[in-house]
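Take a moment with the sequence and the model below. Then follow the walk through it, one region at a time.

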Amino acid sequence: MQGIERKAIPKDLDRAYREGCGVYADLLGRPLRSKPLLHRDPAVAVVPSPFATAPARPAPPEGSGVLELVLDAAMTMPVAAVDGTPVAVGDGTVFTVLPAGFHEVDVQSGTAGSPVVVRIEDGATATLVWREEADRHTVHFGPKVVDAMPPASRVYLYEWAVVTTLVCGLPFGIVNLFSLDGTGSRIVLAALAVLILALIPLAPWRKRERARLAALRLEHQGPGMSRPVRFPWDGPEDPALTADRPALVGDRPGSLPDFAPGQGALLLRAKAHRHLWEDGDGVVVRDPELAGLRAAPPVVRIDGLEVPATWGNWWHPLRPGPHTVEVEADGATERIEVSVAEGDVTAVRADAHLYTHRGPEGVARGPARLRLEPEEFRTEWMGDPARRLAYWN
């Protein structure tokens with residue numbers, strides 16, 4: 001984010017959370033954003049696992065390749081896993097030897113989003129870059145580094161002028177209305193009227209400029225985003241043979257899978273918010289054990305049948321009609337009734353808040369909170385850069 005130091009950590013995180021309660025909780029005190037464990041020491045630590053993982057590039061044996069995983073955290077201590085097995089905790093670069101084939105890679109920090117499915121070639125190296133921005137809410141995860149800085153534009157100057165006019169100019173003008181007999185007041189009102197008349201014709205330009213900037217941001221982010229992939233990962237690639245199978249679409253997909261003939265689809269957006277401290281300022285030198293406790297994937301059932309699931313965005317082809325969606329996360333269960341139409345998408349958002357902290361007797365877990373709710377989504381938004389960015393972000 002522009003003007004924000006990505007690696008800066010508040011000295012008093014507890015106070016920062018209290019003063020920013022509108023960011024982390026709603027008016028009723030219900031959590032909106034996670035309170036992850038923040039660390040001043042960003043060094044990466046390898047976690048013992050069945051996969052050979054090291055901070056230096058190894059020579060893979062025959063039938064294997066190497067995954068180069070770059071973890072670029074702003075303030076949190078992320079945990080990376082391959083096929084559900086943690087391999088590293090912290091900020092840095094690790095190399096993991098994996099059997100040739102498809103593998104599911106996910107990184108969890110303050111939140112757990114969509115994993116990336118990567119194909120490991122025999123003797124080759126595949127690279128994935130996970131980058132967390134200063135707001136700890138925006139994460140890029142894909143095969144390339146993404147430039148997150150917004151493109152330069154004068155639209156921001158225009159918007160600043162509009163806000164200044166509304167906040168300062170209009171009240172000042174109203175005050176001067178009561179002294180129209182004064183020359184100074186008439187000059188002020190005339191100048192304010194000229195300014196407003198000059199800003200109004202530029203409103204259509206602002207809309208076009210915003211659309212242009214959104215398109216540029218999507219173009220810059222595109223190479224660094226993962227592509228939708230059908231489940232199972234190693235299944236046939238012919239779209240005609242996989243149209244009725246669920247798909248992991250990623251955090252900011254550039255396109256959605258095609259509809260199966262005569263069917264609609266459920267777009268399930270599941271995100272886990274990891275709360276990793278309870279009291280105190282939340283900033284510690286290092287606690288890889290606590291930070292490395294991953295949020296287990298949710299259990300998702302549609303009409304009583306368990307379907308493939310991870311945290312993130314999934315596309316489930318369904319026949320038209322009513323359906324029951326049930327999500328279970330860390331002991332909490334919620335269900336919702338939805339209706340699917342042929343050739344249309346029904347979107348459901350699942351937000352889970354998972355609580356883990358280090359108490360006097362070791363690591364302790366609190367009761368999870370889970371909320372399911374429908375949300376508006378239209379397929380035509382994918383063709384509108386600004387609307388698409390707003391929805392997926």
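In which loop does aspartate 83 lie? Aspartate 83 sits in the loop between β5 (79–82) and β6 (85–89). This is a predicted model. In it, aspartate 83 has a positive phi of about 55 degrees, although it is not a glycine. Its relative accessibility is 38%, so aspartate 83 counts as partly exposed.

Aspartate 330 also deserves a look. The loop between β20 and β21 holds aspartate 330. Its phi is positive too, at about 50 degrees, and aspartate 330 is not a glycine. With 45% relative accessibility, aspartate 330 counts as partly exposed.

Now step back to the whole protein. It has eight helices and 23 strands. Of its 393 residues, 46% are buried. The accessible surface comes to about 19700 Å², and carbon and sulfur atoms account for 57% of that. Consider contacts between residues at least 6 apart in sequence: 69% of them join residues at least 24 apart.

Next, go inside. In soluble globular proteins, nonpolar side chains tend to be buried together. Here the largest nonpolar core has 25 residues. Trp311, Val327, Val348 and Leu354 have the most contacts inside it. Several strands each supply at least two residues of this core, including β15 (264–275), β20 (321–329) and β22 (345–359).

Return to valine 327. Leave aside its neighbours within four places in sequence. Its contacts then include Leu268, Val300, Ala332 and Leu372.

Is glutamine 108 buried or exposed? Glutamine 108 counts as buried, because its relative accessibility is 2%, and buried means under 20%. Strand β8 (residues 101–108) is where glutamine 108 is found. A polar atom of its side chain lies 2.7 Å from the backbone nitrogen of alanine 295. Beyond four places in sequence, glutamine 108 is in contact with Pro78, Val79, Arg274, Arg294, Ala295 and Trp311. Trp311 is also one of the core residues named above.

Move on to a peptide bond. The one joining phenylalanine 231 and proline 232 is cis, with omega about -5 degrees. Proline 232 lies in the loop between β13 (229–230) and α6 (239–242).

Val163, Leu166, Val167 and Leu170 make a nonpolar patch of about 360 Å². Leucine 170 belongs to helix α3 (residues 155–177). Its relative accessible area is 34%, so leucine 170 is partly exposed.

How values were computed. Residues numbered from 1 in each chain as written. Predicted model: local features only at pLDDT ≥ 70, side-chain atom pairs only at ≥ 80, totals over all residues. Heavy atoms only, no water. Patch = residues over 30% accessible without salt bridge, like charges linked within 9 Å, V, L, I, M, F, W, Y side chains within 5 Å. Areas by Shrake-Rupley, 256 points an atom, 1.4 Å probe, with all protein chains shown as cover. Salt bridge = Lys/Arg side-chain N within 4 Å of Asp/Glu carboxyl O. Helix = DSSP H or I, 4+ residues; strand = E, 2+ residues; numbered from the N terminus. Buried < 20%, exposed > 50% of the residue type's maximum accessible area, 1.4 Å probe, protein only. Contact = heavy atoms within 4.5 Å. Core = buried A, V, L, I, M, F, W, Y, C linked by side-chain atoms within 4.5 Å. Polar contact = N/O pair within 3.5 Å; in protein donor to acceptor, adjacent residues only side chain to side chain.
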